[in-house]
Amino acid sequence: MAAVQTRSERALNRIAIAAVLVITLIFLAPIYWITATAFKPRNLATTIPPTVLFEPEISPFVKLFTKRSQLREAPAPEEYAAAPWWERMVFDGGEKIVRSGRGEVQPSGYPNRFMNSLIVAITSTVLAVGMGTFTAYGFSRFRVKGEADLLFFILSTRMLPPVVVAIPMFLMYRVVGLNDTHWGLIILYTAFNLSFSVWLMKGFIDEIPKEYEEAALVDGYTRMQAFFKIVIPEAATGIAATAVFCFITAWNEYAFALIMTNRRAQTAPPFIPSQVGSGLPDWTVIAAGTFLFLLPVAIFTFLLRNHLLRGMSFGAIRK
Amino acid sequence: MTQIELRGIQKYFGAVQVIKDLNLAIADNEFIVLLGQSGCGKTTTLRAVAGLETIDEGDILIDGQPVQHIKASDRDIAMVFQSFSLYPHMTVYENIAFPLRATRMGRNDVDTSVREIAGVLRITGLLARKPSALSGGDMQRVAIGRALVRRPKAMLMDEPIGALDAKLREEMRAEIKRLHIKQGSTTIYVTHDQVEAMSLADRIVIMHEGILQQVGSPDEVYSHPANMFVAQFVGSPVMNMAQAIVSETGGHASVQVGGQAKGFEFPAALANRLSDARAENGKLTLGVRPEGVLISRQAREGFMPVEAHIIEPLGSHDIVDLKVGDQMIRARTKSGFVPGAGEAVWARIDPVQAHFFNTATGSSLGIRL
């Protein structure tokens, strides 16, 4: 890749690298800010000018996972001494952890909401990508009557802003009892992502030469076996890219989750901002919740990064 | 032991008929080449035999059993594609083993078979590689290996070396021939390259616009083309074709070409043979291959003066374009035989190598002198 460069080209190259660095920094700044705030003591979270150097602590995370109440007065010294280290952090912040009648720590709503997010996002991603791959294969390999119309119809489900259908969806869900259920959200997100997944996967499967399957058919495999043994491995890149996009969409979805769920099946996105309004807003706790919320997508994308990069340049080079 | 028979095959793509009443019997162990231009139906025929394409009418019989309703996977046939179609996510070893895995063969037997065929194809050293790390020739060796490893009833090849460069093509041609002699399996091979067809085939099947034109050994189709299409498709440079008028003068026949008053001399028997074949002047085409045009640098008995127009030196021989009236006739000479363009030479047509066709129908009159 080391093509011959003139002096001016090399200079331009340096400028381009510098520009990319600056842009990267700008994009990373909010992520740094959320991460930093998640580890700040409460009193440093909203200072002006902002505090950059501080001693990180994990009290925001302790608060994130527990139910607390405001202290009217300082805790008794023996109570303070008997408390474990993490509970003392909360005492220091002028709050105390709520315990049940049997002395057990009461968890906050966050872990539950986080689990809901995982369940809904993973299930709907698996469903959308799986169904999308099958559908795309059908459209790609067989002569389907009215193919263009059907594909357009599938895509057209994406053309309305989701908020427009939110109220009718809510009413229909209430009738069939899907309000505030995991399946309700899973069905919704799957339907949402399916059109995207069909179109994306069709592009990837179109790129796989038909001859691969035909060779497998002649070699003694059924079409189904050829699909699983040849098409799926060849489409792995496309599947990974589609899965990441579907997962991010389902994971970040806010509007429907806010309207359709309130307790049992509520996901993290509507829950995190709801904490802003309860009592004094504790930005460190919100930042801690957001920080943890960012992790699954980051990890998922990181694991699939090679596939994603290949996916970006897929089909650009003719073999 | 595999015979393949095609009986009355008809195939339509929408309103277009791509195979028209095709009948063909292929003997066990025979190497058949389907030859024709692109779009002549040869690949569709091959795919129909493989089971990748349905037919609208007719029967495909393998060992006497009709198979047109049997799925490709159950026909026990192997196919090599032009694009090689090696599975990119598998190594060479896995690629060759792939058809065997469909048969639930034991692990050790698979290994033995793969290594054996790799030895035959001289690719044992490549077994651990991915297809992307192979050269074109090696890719095709692997594809052939994958087809042969299962010992299929028949082997189908769709322009298997068409994507390779000229030198490699020649090499692989020889290799395919060697393999066929060694392994011996009924083979149908599709190509548009007549040199490939001539060098490989036991019998060549020439197709044009979905219609079978001629079936015969390479020598038969070259020396006795059934019609003008076959005559011009097989052989390089192509056979000369010229409207001809035959008359009798002074004890021999004269064949006038290119509107010239003087004709090429032919034995007197030609006139009778032509009238036996009900040929009429004005509907008669003379065909002669370049090697059938004899050239002399001096005036000779029976030779006609012509002008050498263009000379193409090809090393082993020259191709000389002769101007005969308003017609160009190409002759094949020893290299350097005609010193330069514009030179006057004397030519005659070897009666033994002349072909006569009905201009209207294109079919050969079957006249051999």
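## Helices H8 and H11 of chain A

Tyr189(A), Phe192(A), Asn193(A), Phe196(A), Ser197(A), Leu200(A), Met201(A) and Phe204(A) of H8(A) are in contact with a set of residues in H11(A): Thr237(A), Gly238(A), Ile239(A), Ala241(A), Thr242(A), Phe245(A), Cys246(A), Thr249(A) and Ala250(A). Sorted by class, this contact between H8(A) and H11(A) holds 11 nonpolar residues, 6 polar residues and no charged ones. The model is a predicted one.

H8 of chain A covers residues 182-207 and H11 of chain A covers residues 236-252; the two pack at an angle of about 155°, and their axes are 10 Å apart. An angle over 145 degrees counts as roughly antiparallel, and H8(A) and H11(A) are therefore roughly antiparallel to each other. Their crossing is right-handed.

## Helices H5 and H10 of chain A

On the H5(A) side the contact is made by Thr133(A), Phe134(A) and Tyr137(A), and on the H10(A) side by Arg223(A), Met224(A), Phe227(A), Phe228(A), Val231(A) and Ile232(A). The class count for H5(A) with H10(A) is 7 nonpolar, 1 polar and 1 charged.

## Helices H3 and H5 of chain B

In chain B, helix H3 (residues 107-121) and helix H5 (residues 166-183) have axes that come within 11 Å and cross at roughly 130°. That angle makes H3(B) oblique to H5(B). H3(B) contributes Ile117(B), Val120(B) and Leu121(B) to the contact, while H5(B) contributes Glu175(B), Arg178(B), Leu179(B), Lys182(B) and Gln183(B). By class, 4 residues in the contact of H3(B) with H5(B) are nonpolar, 1 is polar and 3 are charged.

## The interface between chains A and B

Contact between the two chains involves 23 residues of chain B and 15 residues of chain A. Together the chains bury about 1700 Å², and 61% of this area is on carbon and sulfur atoms.

Side chains of opposite charge can pair when their charged atoms come close. Over all chains the model has 23 salt bridges, and 2 salt bridges are counted between chain B and chain A. One salt bridge in the model is between the side chains of Arg146(B) and Asp219(A), at 3.6 Å from N to O. Arg146(B) belongs to helix H4 of chain B, and Asp219(A) to the loop between helix H9 (210-218) and helix H10 (223-234) of chain A, so this pair joins two chains.

## Backbone features in loops of chain B

Two loops of chain B have backbone features to note. The peptide bond that runs from Ser236(B) to Pro237(B) is cis, and its omega is near -5°. Pro237(B) is located in the loop between helix H8 (228-233) and strand E11 (240-249) of chain B.

The other feature concerns Arg151(B), a residue other than glycine with a positive phi, near 50°. Arg151(B) is placed in the loop that lies between helix H4 (136-148) and strand E7 (154-158) of chain B.

Notes
Residues numbered from 1 in each chain as written. Chains lettered and ligands numbered in written order. Predicted model: local features only at pLDDT ≥ 70, side-chain atom pairs only at ≥ 80, totals over all residues. Heavy atoms only, no water. Axes fitted to C-alpha atoms, helices over the stretch in contact; angles between N-to-C directions. Helix = DSSP H or I, 4+ residues; strand = E, 2+ residues; numbered from the N terminus. Parallel < 35°, antiparallel > 145°, perpendicular 65-115°, else oblique. Left-handed = near helix turned anticlockwise from the far one by under 90°. Contact = heavy atoms within 4.5 Å. Nonpolar A, V, L, I, M, F, W, Y, C, P; charged D, E, K, R; others polar. Buried area = accessible area lost by both parts, 1.4 Å probe. Salt bridge = Lys/Arg side-chain N within 4 Å of Asp/Glu carboxyl O.
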